[in-house]
Amino acid sequence: MNPSLRSKTPTQGGTGRSRPTEASAKPQSNRRPLGITGRPTIPSRPSGPIARPPSNRFQLSTTTVSRQPALTSRPSKTAITSRKPVPGNARDRLAPGSRGVKRKSETPQPAFSDDDGSSSASDSDSDSAASTRKRAKSSISSADTHVASRRNLVANGAAETAKLIHSRTLTASKLLYKPAMIAEDSAAAKVGLQYPSACGKEYFELKVLKRQSDDEYKPMDDIEETIRIICHHYLPERVKRTIKPGRHEIVTGPYETVYSKGLLRAKNEGDVEKYIDIIEDFNKMLKALVEDGSIQHELRSRATLPLDWFERIHNQIYSRTVSLHVESLKQYETGTDDVYGELLPSLVNKIINVTQLSHDHIFVDLGSGVGNIVLQTALQVGCESWGIEQMPNPCKAAELQKAEFAARTKLWGLSTGKVNLINGSFFDCPEIDEVLKRADVVLVNNQVFSAATNDNLLAKFLDLKEGAKVVSLKPFVPRDHRITKTNMNSMYGMFRTEIHEYFDNSVSWVAYGGEYHVAIKDSSLLRKFGQENGMG
């Protein structure tokens, strides 16, 4: 993956992330930055057996994520400003009614972790932790339509302790943030948010930015969008019917519930206690559904992970890792193969569908940058996913993402395909050579690669198995190539190519659309030509 980033695309949930801009990089040539890493040296082509990962897909994780002490706290009434009296208790007003009869589950009921446990996450109050929190924005497209096999819901084995970066570590800076809904010189209210698993809560400070910015992290937007996604994708229909707004309510969002409406109303009224009450009511409802097996049953009925679901999880991961180091991604040399640019999740989602990538496949990203696509295929599809990148700064960011990915997917109750990230050149890595022989789908962002680099890559792809697919932004096989008697020995004859279109806001470096190409290894083309022309 290789960004030279010129434009931004909208993100969801307010967790700002911006990509480095062209203007910040070193002096540039007229080439459009985008390339991948690597230096051309054509390796030998070993042979080996084709391996397959287990057919097991997603599992609902019951592993325990390290927790921070319970922090739900409320400011004193004297600190609350613009408070308007609201009749009744918020929990009573928003209770979704009957939780339904508890159902029996084939798996043991999850044991919830203690919210008062100590945290292994870094949560210092230093201002530097929240100094840079920018992320690129990407629009949500239609849900993934590729059908994968059903996944197991309950993870086998003992629970593991994993590190989780809590939201409150991002909002420690008093220079960027101020308390929400109360006086600025007061201590911000804190609240824990339950996720659809037996893991502990994530803790948030109820703060807002002192100066509005689309690029900075917004904790309350994070809370509200996370609740929306959980309500949309995890709750049984019997529960969804009880938490939808009444007919007299004005629906303003893509999936409105009494929780989202109530949180918005509490913010508008400046009522921080009501805001916390609504979150605690949501926590109580969700925890009960996990305990009685309803969440597990609902996930068992699903076969895909839609794009908006993946993006919510990945936006959280990115804002807590890569966004803190985004300036370092600008340090590349323009006009070379070592240029950084990203394919955004909406385009990767299309590639997943076009290539029919499945959980029992092997995916390889040559020039994987900060690892976004490797994580997307591992979570959205559940396949074994590999990435290799040689630029040091993207590699460091990728390792941070990988660690948070492991913890956060468990928090969301999902298992993933195996993630493998390598620091090195894809032209000089025996481990990647072996993986390529087993690969089903290979992605390479070759937008700014030289002709020599592309030819050396094509020679490397001769080692791919029959039917393997190579996705690229520039074609490896010329559009006008036709097999003839004079070019039968050309590498081009081993591949057939498909051309596909991508739309606006699909890549990080430009806002407009373009084409991508899928080259499929198919040696039958040469055999057929030889037979038709009496050549064997």
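**Close-up 1. H2 and H5 cross in a left-handed way.** Left-handed means that the near helix is turned anticlockwise from the far one by less than a right angle, and right-handed that it is turned clockwise. This is a predicted model, in which local features need pLDDT of at least 70 and side-chain atom pairs count only at pLDDT 80 or more, while totals for chains, interfaces and linings use all residues. Residues are numbered from 1 along each chain as its sequence is written, and side-chain values use heavy atoms, with hydrogens and water left out. Helix H2 (residues 219-233) sits against H5 at an angle of about 30 degrees, the axes being 12 Å apart, so the two are roughly parallel (under 35 degrees; over 145 is roughly antiparallel, 65 to 115 roughly perpendicular, the rest oblique). Axes here are lines fitted to C-alpha atoms, for helices over the stretch in contact, with angles from 0 to 180 degrees between N-to-C directions. Helices (H or I, at least four residues) and strands (E, at least two) are DSSP runs, numbered from the N terminus. Met 220, Ile 223, Glu 224, Ile 227, Ile 230 and Cys 231 of H2 touch Tyr 275, Ile 279, Phe 282 and Leu 286 of H5 (contact: heavy atoms within 4.5 Å). By class, that's nine nonpolar, no polar and one charged residues (Ala, Val, Leu, Ile, Met, Phe, Trp, Tyr, Cys and Pro count as nonpolar, Asp, Glu, Lys and Arg as charged, the others, Gly among them, as polar).

**Close-up 2. H4 packs roughly antiparallel to H5.** The axes of H4 (residues 258-269) and H5 (residues 272-291) come within 8 Å and cross at roughly 165 degrees. This crossing is left-handed. On the H4 side, the contact residues include Tyr 259, Leu 263 and Ala 266; on the H5 side, they include Tyr 275, Ile 279 and Phe 282. Sorted by class, the H4–H5 contact has eight nonpolar, one polar and five charged residues.

**Close-up 3. H9 passes H10 in a right-handed crossing.** H9 (residues 372-381) and H10 (residues 392-411) pack at about 25 degrees, with axes 11 Å apart, which makes H9 roughly parallel to H10. Asn 372, Leu 375, Ala 378 and Leu 379 of H9 meet Gln 401, Phe 405 and Thr 409 of H10. The tally for this contact is four nonpolar, three polar and no charged residues.

**Close-up 4. H10 bends by about 25 degrees at Phe 405.** The bend is the angle between axes fitted to the seven residues ending there and the seven starting there. Phe 405 is also one of the H10 residues in contact with H9. Just past H10, Gly 413 takes a positive phi of about 80 degrees.
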